[in-house]
Amino acid sequence: MIASRLSTVRDRLSAACKAAGRDPASVRLLAVSKTFGDDAVAQAIAAGQLAFGENYIAEGVEKIVALRQYPLLEWHCIGPVQSNKTRLVAEHFDWVQSVDRLKIAQRLSEQRPAHLAPLQVCLQVNVDGGPNKSGVAPDELMALAEAVIALPHLRLRGLMTIPEPAIDFEAACAVHSRARALFDGLNQSKIRQNPRFIPMDTLSIGMSADIEAAIAAGSTLVRVGTAIFGQR
Ligand SMILES: *Cc1c(COP(=O)(O)O)cnc(C)c1O
């Protein structure tokens, strides 16, 4: 079941890349396994999926530990990170896509164990302006990015957004294009002169419902839960 849904999702990715005139290898698939158990993740692994996203940190860490026998897995934290959870994230995850304030980034860098690779980071941007949403405001993005690249145990890889569900393809393209413009703008900004800056390569936009629009707008990583694992 999971294997066949995964292959349907992979087909959607290839078709969307083809429609957008993009190389299918330029978009990665992150399987969002939140609320599903180790056995569901193991089925996805058996079908060739190695990158997984988790929203709830304690739940994610349990799965990471339980699935240690698979050496090539890559775990992304994609949910809100409170100060009291930074150590768990720093010690167990490979990526965190939901960094939206400096204090959290500083704690993650301080708590990243020295024997591990730097924690790979995306900044979460509040691209559609909801006042109560997490995500850095677009006009504060540059300052946060500059502060994050100064942190020794983090590596800034890109941006992530979670926009409100769009009513149609056009609306989804419009909001994702704003994320793309922020991504390109930051990569081409004065931040390039900072010796620690490495061009960002990850634009994490698109979920089950809007994979096609996100890929049309330039997504390099889609985060897909329901379409792989079923309804939560
Ligand atoms: C749950 C979640 C997803 C996956 O959503 P689906 O609609 O199930 O594909 C992607 N990104 C984030 C941040 C999520 O919380």
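Ser208 reaches the ligand through its side chain: an N or O atom there is 2.5 Å from an oxygen atom of the ligand. This is a predicted model, where local features need pLDDT of at least 70, side-chain atom pairs count only at pLDDT 80 or more, and totals for chains, interfaces and linings use all residues. Residues are numbered from 1 along each chain as its sequence is written, and side-chain values use heavy atoms, with hydrogens and water left out.

| Side chain | Distance to a ligand oxygen atom |
|---|---|
| Ser208 | 2.5 Å |

Taken alone, the ligand exposes 390 Å², and the protein buries 89% of that. These areas come from the Shrake-Rupley method with a 1.4 Å probe.

Who else surrounds the ligand? The residues around the ligand include Val32, Lys34, Asn55, Ile78 and Met207. A residue counts here if one of its heavy atoms lies within 4 Å. By class, this shell has five nonpolar, four polar and three charged residues. Gly counts as polar in this scheme.

Now the salt bridges. The structure holds 11 of them. Each is a side-chain nitrogen of Lys or Arg within 4 Å of a carboxyl oxygen of Asp or Glu. Asp128 pairs with Lys133 at 2.7 Å, N to O. Asp128 is partly exposed, at 27% relative accessible area. Lys133 is partly exposed too, at 24%. Partly exposed lies between buried (under 20%) and exposed (over 50%), with a 1.4 Å probe and protein chains only. Glu146 bridges to Lys190, with the closest N and O atoms 3.2 Å apart.

Note on methods. A polar contact is a pair of N or O atoms within 3.5 Å; within protein, one must be able to donate a hydrogen and the other to accept it, and residues adjacent in sequence count only if both atoms are side-chain atoms.
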